[in-house]
Amino acid sequence: MHLARSVRAAAIVAAIAISSLLSARTAMASPAHVRVAGPLQAGPAANTPAAGRVEAGAAVDIVQRKGFWAQVRSGAATGWLKLSRLSVDGGGAGNEIAALASGRTGSNNVVSASGGRGLDAADFARAKPDAASVAALSRTAAGEAAAAQFAKSGHLQTRHVAYIREPKSSGSQR
Amino acid sequence: MKPGVASVFAVCLAATAPAQAQFPLDLGGVKSGKNGQLDLGGIIGQVKDLAGGQSADDEARSGDAIAATVFGAAPPWRKPAAESYVNLVGRNLARQVERKDVRWRFAILDTPSINAMAFPGGIVVITRGLYALLGSEDELAAVLAHEIAHVNRRHQWKVIQQQKLVALAGNAVASSDAGRSAQVAADLGTKLIARGLDKSAEFEADRDGVVIAARAGYDSSGLIAVMERLKSLKTGADTALLFSTHPSPEARIAALTAAATPEIEAAATPSAAGSRIRTAQ
């Protein structure tokens with residue numbers, strides 16, 4: 001009798017644990033709204049095939065971010081949107097996108113307040129100038145050759161990239 | 001008289017016009033001639049000094065003085081591995097910009113506050129709080145490249161120079177004294193840190209910074225990742241200065257994403273060097 005009851009209780013506990021695990025997984029997708037209507041792309045680039053369409057104001061779930069694009073679920077459709085077309089709901093959502101993108105979660109993204117006052121204008125106003133620390137910077141500065149070697153050892157490949165011009169009207173965002 | 005000097009002078013007079021409306025000809029303590037006549041040559045000389053001339057030297061001296069004040073409030077973090085690492089990442093990025101008259105020096109400020117700043121002449125600082133928050137070298141490169149862009153465009157220095165001109169016309173500066181002039185520039189620069197630049201300068205530094213990082217071989221979307229991290233922070237003492245002097249992370253993501261060219265989007269892949277930051281944090 002007692003045994004049957006405790007087995008049943010254990011099953012309920014297990015079911016709750018499993019369902020909360022499942023909901024924790026779905027909670028990874030963060031909610032957002034579409035700001036600018038347009039096509040969903042099949043991949044994170046404008047030259048990929050269209051995979052549907054979303055209207056302004058539509059609620060979507062962000063599955064992951066890649067570069068300047070977010071993969072979203074909108075009803076049955078899944079596709080990619082440029083980030084500028086989305087507004088992310090809620091405070092902590094950005095944290096989750098960062099975690100999804102970097103494969104890291106939690107602790108490192110949480111900032112502990114120092115408990116005191118941050119560095120601010122009053123600190124600068126009463127600061128006693130520390131010229132010695134400025135002079136010391138010359139000793140820790142890296143030279144051009146060392147920087148080039150550092151780039152090489154990190155397998156950084158330089159690219160030719162033109163400066164981005166100021167958009168004509170900051171209001172139109174696509 | 002060069003037309004450029006004359007027009008700069010006209011602008012600075014115009015800027016002080018409201019304050020002097022009741023005394024339209026009162027130039028106050030602007031250097032006078034021996035017999036009390038207005039010494040126009042002297043005034044033009046002063047304006048010329050401020051408007052151009054030994055600009056790069058002035059800029060570096062003023063920047064060093066501003067940095068000295070900032071270090072007085074939060075000293076450099078003495079952790080050799082981190083100091084060296086940030087200098088290597090920063091110096092390598094600086095190879096991608098046009099200005100060659102800059103002595104690039106990078107430092108970490110020993111404070112939990114979350115911020116990064118650039119001073120005229122090439123000193124760039126990131127706080128220990130922001131440094132610890134970053135997840136990859138691509139993200140560090142994004143932060144430093146934004147600051148390098150400010151120096152490359154002389155954003156802060158241009159504002160300081162304009163304010164010095166206004167201060168001169170309003171009789172607050174005796175610019176013939178070079179030391180005093182540098183001190184005034186440093187004071188203006190320190191106030192500028194607390195007040196911040198125009199939003200347009202911040203958006204421009206975001207766009208330039210992404211390009212600089214991509215040129216060096218970093219993930220062009222590193223700044224987006226940093227903005228996502230900033231979004232997740234609660235507003236509080238450690239972020240107050242950053243958030244009061246910059247557009248919101250949401251606005252910066254939207255502006256940058258809307259402006260990103262296909263060339264920039266194609267460079268949005270994590271670099272091979274990304275994980276190097278772990279050993280230096």
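Helices (H or I, at least four residues) and strands (E, at least two) are DSSP runs, numbered from the N terminus. This is a predicted model, in which local features need pLDDT of at least 70 and side-chain atom pairs count only at pLDDT 80 or more, while totals for chains, interfaces and linings use all residues. Residues are numbered from 1 along each chain as its sequence is written, chains are lettered from A in the order in which they are written, and side-chain values use heavy atoms, without hydrogens or water.

**Stop 1: chain A**

Select chain A and colour by secondary structure. Chain A has five helices and seven strands, in the order α-β-β-β-β-β-β-β-α-α-α-α along the sequence. Of its 174 residues, 30% are buried, meaning under 20% relative accessible area with a 1.4 Å probe, protein chains only. Among contacts (heavy atoms within 4.5 Å) with a separation of 6 or more, 52% join residues 24 or more positions apart.

**Stop 2: a pocket with both chains in its lining**

On a 1 Å grid over the protein atoms alone, a pocket is an open set of points with protein on both sides within 12 Å along at least five of seven lines; a cavity is a set where a 1.4 Å probe fits but cannot get out; lining residues have an atom within 4 Å of a point. Grid points are joined across faces, edges and corners, and a volume is the space filled by probe spheres set on the points. Helix 13 of chain B (residues 262–266) gives the most to this pocket's lining, with three residues.

**Stop 3: the largest cavity**

The count is five cavities of 30 Å³ or more. The largest has about 190 Å³ of space. Select B:Ala116, B:Met117, B:Gln156, B:Ile193 and B:His246, the closest to its centre of 16 lining residues. In chain B, strand 2 (116–119), helix 6 (137–152), helix 8 (178–195) and helix 11 (240–245) each give two or more residues to this lining.

**Stop 4: the second largest cavity**

Next, select B:Leu130, B:Val143, B:Glu147, B:Leu242 and B:Arg252. Of the 13 residues lining the second largest cavity, these lie nearest its centre; its volume is about 130 Å³. Helix 6 and helix 10 (222–231) of chain B each supply at least two lining residues, and helix 10 gives the most, with four.

Definitions and conventions
Buried < 20%, exposed > 50% of the residue type's maximum accessible area, 1.4 Å probe, protein only.
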